[in-house]
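Student: I would like to go through the terms used for this model. Please set each value against its definition.

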Amino acid sequence: MTSTTFLGAGSRQHTPDRPRPHAPFWRAPFAGSTYREIGHTLTSLPVAVAGFVFSVTMVALGLSTLVVWVGLPLLAGALAGARGLGGAERNRARALLDLDVPGPRSAPAAGLRGRLLDAAGWKALLFHTVMFPWRVMSFVVSVTFLVTGWAVALFPTYSWVFHRYLDWPGYRVYDFTTDAGVHHAYYIESPAQVAGVSAIGFVLVFLTPLLVRGLTNVDRVALRSLLSGPSAK
């Protein structure tokens, strides 16, 4: 039975998240949950860039103009914007990570002072700042493993191209001549070599879901720590 808690007027009803179990290791490379997690790491790059640029720019402008009092409204706007971006992040996590993070229970207090003392806004601002480098790295690692794994695993389906169109006996790993005139070359051409390369690719394919799961688990921790409100009882 799923319990719900009503948080009062203007608040959302929150249902505690019960994530679906992950696909077993042998099925993970073909499971929809894996590609939703990969989708999260891929879409996190533009989202992280937007959040980081907004946060850093607004805070820098706010602090640099404090002396003429313009900075306080700018900082309040930065906190409000970070709060809004945090809500979008929770929605994205719900759709792609199967993670339901409860948001802040209430809006910040009225007035400039109330907005500047909004703890949820400051936590969201911190989230968009500190997660930027992590999400850039997650994007690069996810794309590298995903593309390399499948490209190498499927090598037998296109290994004939090198012999037919490039006049190579197989895929050329290296081909050079030393200053002493000694020629060195290595081609992947025999069926055993092609199968061995494909096997390495499938190892990467099956490791990719585990790697992506580890990357997105860091996102899950950050989302719960910096973008969640008080837990529903």
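Predicted model: local features only at pLDDT ≥ 70, side-chain atom pairs only at ≥ 80, totals over all residues.

Student: What kind of crossing does α1 make as it passes α7?

Tutor: The crossing of α1 past α7 is left-handed. Residues are numbered from 1 along each chain as its sequence is written, and side-chain values use heavy atoms, with hydrogens and water left out.

Student: Why are α1 and α7 called oblique to each other?

Tutor: Helix α1 (residues 32-64) and helix α7 (residues 191-226) pack at an angle of about 60 degrees, with their axes 10 Å apart. Angles under 35 degrees count as roughly parallel, over 145 as roughly antiparallel, 65 to 115 as roughly perpendicular and the rest as oblique. The pair is therefore oblique.

Student: Which residues make the contact of α1 with α7?

Tutor: From α1 come Thr 34, Glu 37, Ile 38, His 40, Thr 41 and Ser 44; from α7 come Pro 209, Val 212, Arg 213, Thr 216, Asp 219 and Arg 220. Contact means heavy atoms within 4.5 Å. By class, three are nonpolar, five polar and four charged.

Student: What makes Glu 89 count as buried?

Tutor: Buried means under 20% relative accessible area, exposed over 50%, and partly exposed in between (1.4 Å probe, protein chains only). Glu 89 has 3% relative accessibility, so it counts as buried. Its place is in helix α2 (residues 71-96). Not counting residues up to four places away in sequence, Glu 89 touches Val 47, Phe 127, His 128, Arg 135, Leu 223 and Leu 227.

Student: Why is Lys 123 called partly exposed?

Tutor: The relative accessible area of Lys 123 is 30%, so this residue is partly exposed. Lys 123 lies in helix α4 (residues 119-153) and touches Ser 225, Leu 226 and Ser 228, leaving aside residues up to four places away in sequence. The C-alpha atoms of Lys 123 and Ser 228 are separated by 9.2 Å, although the two are 105 residues apart along the chain.

Student: How many helices and strands does the protein have?

Tutor: There are seven helices and two strands, in the order α-α-α-α-α-α-β-β-α from the N terminus on. Helices (H or I, at least four residues) and strands (E, at least two) are DSSP runs, numbered from the N terminus.

Note on methods: Axes fitted to C-alpha atoms, helices over the stretch in contact; angles between N-to-C directions. Left-handed = near helix turned anticlockwise from the far one by under 90°. Nonpolar A, V, L, I, M, F, W, Y, C, P; charged D, E, K, R; others polar.
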